[in-house]
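Open the model in a viewer and keep the selection tool at hand. Each stop below gives something to select and then says what is there.

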Amino acid sequence: MAQPDSKKIFFENLSGAGKAIAVLTSGGDAQGMNAAVRAVVRMGLYVGAKVYFIHEGYQGMVDGGENIKEASWESVSSMLQVGGTVIGSARCKEFRSHEGRLKAAHNLVQHGITNLCVIGGDGSLTGANLFREEWSGLLGELVEQGSIEADAVQKYSALHIVGMVGSIDNDFCGTDMTIGTDSALHRIIEVVDAIMTTAQSHQRTFVLEVMGRHCGYLALVSALACGADWVLIPEMPPEDGWEDKMCQKLSANRAGMKRLNIIIVAEGAIDHNNKPITTEYIKNLVVKCLGFDTRVTILGHVQRGGTPSAFDRILASRMGVEAVLALLETTANTPACVVSLCGNQSVRLPLMECVQMTQEVQKAMDEKRFEEAVKLRGRSFENNLKTYKLLAHRKLESELPTSNFNVAVLNVGAPAAGMNAAVRSAVRVGISEGHKMFAVSDGFEGFYKGQIKEIKWADVGGWTGQGGSLLGTKRTLPAKHVDKIAEQMRAHNINALLIVGGFEAFLSLLELLTARGKYDEFCVPMVMVPATVSNNVPGSDLSIGADTALNAITTTCDRIKQSASGTKRRVFIIETMGGYCGYLASVGGLAAGADAAYIYEEPFDIRDLQANVEHLTEKMKGSIQRGLVLRNENCNENYTTDFIYQLYSEEGKGVFDSRKNVLGHMQQGGAPSPFDRNFGTKISAKAMQWVTKKLVETFRQGRVFANTEDSCCLLGMRRRALVFQPVVQLKDQTDFVHRIPKEQWWLKLRPLMKILAKYKTSYDVSDSGQLEHVVRNRPKESDASVAM
C-alpha cells in the first residue's frame, strides 16, 4: 500500500485501546439496524476497544444487569440479513425521568462505558444528548450517594455520543436516507406490484395506506415508483375541492384505456384545515362519485418487517464504521453528532441541529406553512415532490407550451432494470415541455433501419415497474451506419437525442460527436443517462440498474448461505457479472457479508488466494460455519471460478467443503428496485429539462445548431450532486480497453468489507472526520440523493 501523504489519514493512527463503546437500538425498529450493530461491534473490536450490547434500548440501560453484555466478534455473525433488531428495542418512560438517567449512568460507569452509539429516531437521539449534558452532574450525585468512588468522576469525566438514524419514515432532517427507509419501500412496492395485477384483472381502484404519521416520504416515493394516480401526504395537503379533481383524474385515466387506479395515502395525510384524510373516506368518495369497484389495503407493520435491502445493509455498515471513527476522534468539547448520508457520502452533523430542524418541520406543518415544511424536509424530498407533480398530472393541450421540437429517446447497450422508468420520465417531461417525443426501437440498429415512431403520454403508462427494456436495446454502435442515421434524423426532423444506456451509450455519444464534422444532423443537443448493472460508466458514481442487480446478488447469497445451515462447515464461491468492473462483487460482498471479493481493479496472486484460504480455515475452526467468496467474472483470466473453487476445496479439506455458483443473467432481470425506479425517473427528468434549455439556447434562424462540447453531455451523480459533463472531457478518465473509469469511488469501501471479515488492513479515512453543519439550502444541483 502507498505511504499515507499529508492529505490522507489512515486508520492505524486511531486506537480504541482502553475505551469502552456501547451500542443500543431505541424506539421503533427498522431493517438494517442489525447491520449497523454488527459494524459498530466489529469496527470497535478491530480498533482495540471493548464493545458492549445494551439490550432493550434505554430500558436495558436503566435496568442494567444482564441487559449490558460484552460483545464478541462471533456474537454478531449471521445477523446482517436479519430484519428488526436482535438486541431488542423498547420505549422507556423511566429514562425520561432524572432518577432513571441516574440509574443508567451508574450502570454505564460500572462497565467503564463512556462512548455510546445510539441507533434510533429523533426522540432517542434527543434523550441521548440530554443524558450527555447531565453526565457530570449525574456522576456527582452518584458519588454523594456512595454508589461510585470519587476518582470515577475524573476517570469517566465525559460521555461521548454518536447517533445513527434508524427510522423507516425518513423523517430526520440532515440525512438523505435513514436506515430502514429503502427496505420499507421494497415492502410497499412488492405489495403495490402484486395488487396491480389483481386490480387490472377486475378493473378496480385500490386505496393503499402506508406509514408516515408526520412525514409523507414513503407515500411520495412509492407513488413515484409505481406511477400512482394520486398521492396524499401531510406536507402537501390538497387544495379545497380536491375530491372533484381526483375523481376527474381517475375517470380520465380509465377513459384512456387504463384498467386500474392506485391511490397512495400516508397515514398522517391531512387537508388544509388539518383534518385527517382516511382511506375509508377516499373509498366511499370514489364509489359514490364514480361507481368504481374500490378496495382498501392498509400495509401496517409489513413495512417494518422482512430482510433489509442491499442499500440499507451498505448504508448501515458504512454508518456503523463512521460512528466508531467519530467516537475515537471525539474530545470533551465535541458536540454529540449524528452520522448522515449526503448524496453518496457519509457526513457528520451536530445532533441537536438536526433535531431542531426536524422539529421545525412539524411546527411549520402545525402552523399551516406547508411550502416551508417541504423546503425544510430537504432538497431530496422537494425534488421528489416536483418530479411526481410533473409526471403524474398531465396538462391539457391548451396549457402545453408549443416548442415545435422533436426529441428522440433510445436505449443502448445491455438491458438494465429501471430503463423503462427513465424512458417514461423522459417522454412525459418532454411532452410537458411542449416537445413531440419519438421512441427509437432497438437502439442504433433500429435507428438506421427507421424504427422510429411518435410516443404519447399514455403509451408509457405502467412502465416504471417493468424490468428490461420495452423499447428494445442493442449494443450496436452508430459509427458504421452514421450516414443512414443522419438520414433518419433528417427525415424525422430530430432536434435532440436522449440516450439511456451503459458503456456503449457513452461510446456512441463520442462517435456522434466526431460525426458532427461531417453531418450537421448531429449538431443537436445530446445527453446520456447511465443505465447498466455493471456500474462502469465514467462520470457517474451510480448507474440505473446496479441497485436491482445488487439486491439480486444479496438475496441469492442469503439463500445460498442458508442452504448450508445445519450442515457441516461450507464455503461458497459465487461469480458475479460486471465485465472488468468489480462494483457488483465488492459492494455485493459488503451487503452479503462476504469474506473476500476478487476483482480486476485489485490485482491478486496465488499468495493472496492462499492467505484467504488460511484466513477462512482459521475462522471455520471457531464457531463460524459458513464462508462466502465473490469473484467478478473478468477479475483474472487464469484464476477462474473453477480454479478458485478447486483451490478452496483442496486446501480446506478436513475443515470445510466448497460449492460454486455462477449467478449469470438473473442479475440483469426482474422488476426494478424502488431505488432504480426513482433514480431513473429523477435523473431522466433532469436530463430532459437540460435538453429543453439547450434547444432554446441553440435555436437560431429557424433551426437548432449545437456543435459545442457542452451540448453533448453525460448526466451523472458525483459525490453529492447530479452533474452534466461533456463526454469529450470524460475520455481522459476512461480505461477504454477494460471499459471502466480510471478512478472508482467504491474502491474505498473494499477495506470496510475486509475489516468486517476480520482481516488486518488499512482504511483511508480522509473523507471522514469533519463535522459539518446542517444547511437549509444546499447548492443548486445537489438534490442528487443517492437514495431517492
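In which helix do Arg187 and Glu190 both lie, and how many residues apart are they? Select the two in this predicted model: both belong to helix α6, which covers residues 181–202. They are 3 residues apart, about one turn of the helix. Their side chains form a salt bridge, with 3.5 Å between the closest N and O atoms. Colour the pair by accessibility: Arg187 is buried, because its relative accessible area of 12% is under 20%. Glu190, at 44% relative accessibility, counts as partly exposed. The structure holds 34 salt bridges, and the next stops visit others.

Select Arg348 and Glu322 next. Their side chains meet in a salt bridge, 2.8 Å from N to O. Arg348 sits in strand β11 (residues 345–350) and Glu322 in helix α10 (residues 310–329), so this pair ties together parts that are 26 residues apart in sequence. Arg348 and Glu322 are both buried.

Move on to Arg739 and Glu504. This salt bridge has its closest N and O atoms 2.8 Å apart. Arg739 is found in the loop between β26 (734–735) and β27 (740–741), while Glu504 belongs to helix α17 (residues 503–515), so the pair ties together parts 235 residues apart in sequence. Arg739 counts as partly exposed at 28% relative accessibility, whereas Glu504 counts as buried at 7%.

To see salt bridges that share partners, select Lys693, Lys694, Glu697 and Asp710, which they join into one network.

Now show the helices as cartoons and pick α18 (residues 546–563) and α19 (residues 583–592). They pack with their axes 9 Å apart, at an angle of about 50 degrees. That angle makes α18 oblique to α19. The crossing of α18 past α19 is right-handed.

Which residues meet between α18 and α19? Show side chains on both helices:

- From α18: Ala546, Ala549, Leu550, Ile553, Thr554, Cys557 and Lys561.
- From α19: Tyr583, Leu584, Val587, Gly588, Ala591 and Ala592.

By class, the residues of this contact divide into 10 nonpolar, 2 polar and 1 charged.

Is Ile755 buried or exposed? Ile755 counts as buried, because its relative accessibility is 0%. Then show what Ile755 touches. Leaving aside neighbours within four places in sequence, Ile755 is in contact with Met43, Tyr46, Trp73, Thr761 and Tyr763.

The last two stops concern backbone torsions. Most residues other than glycine have a negative phi. Select Asp442, in the loop between β13 (436–440) and α15 (443–449). Asp442 is not a glycine, yet has a positive phi of about 60 degrees. With 23% relative accessibility, Asp442 counts as partly exposed.

Finish at Gln701, in the loop between β22 (699–700) and β23 (703–704). Phi of Gln701 is also positive, near 50 degrees, in a residue other than glycine. Gln701 is exposed, because its relative accessible area of 84% is over 50%.

Methods: Residues are numbered from 1 along each chain as its sequence is written. This is a predicted model: local features need pLDDT of at least 70, side-chain atom pairs count only at pLDDT 80 or more; totals for chains, interfaces and linings use all residues. Side-chain values use heavy atoms; hydrogens and water are left out. A salt bridge is a side-chain nitrogen of Lys or Arg within 4 Å of a carboxyl oxygen of Asp or Glu. Helices (H or I, at least four residues) and strands (E, at least two) are DSSP runs, numbered from the N terminus. Buried means under 20% relative accessible area, exposed over 50%, partly exposed in between (1.4 Å probe, protein chains only). Axes are lines fitted to C-alpha atoms, for helices over the stretch in contact, and angles run from 0 to 180 degrees between N-to-C directions. Angles under 35 degrees count as roughly parallel, over 145 as roughly antiparallel, 65 to 115 as roughly perpendicular and the rest as oblique. A crossing is left-handed if the near helix is turned anticlockwise from the far one by less than a right angle, and right-handed if clockwise. Contact means heavy atoms within 4.5 Å. Ala, Val, Leu, Ile, Met, Phe, Trp, Tyr, Cys and Pro count as nonpolar, Asp, Glu, Lys and Arg as charged, and the others, Gly among them, as polar.
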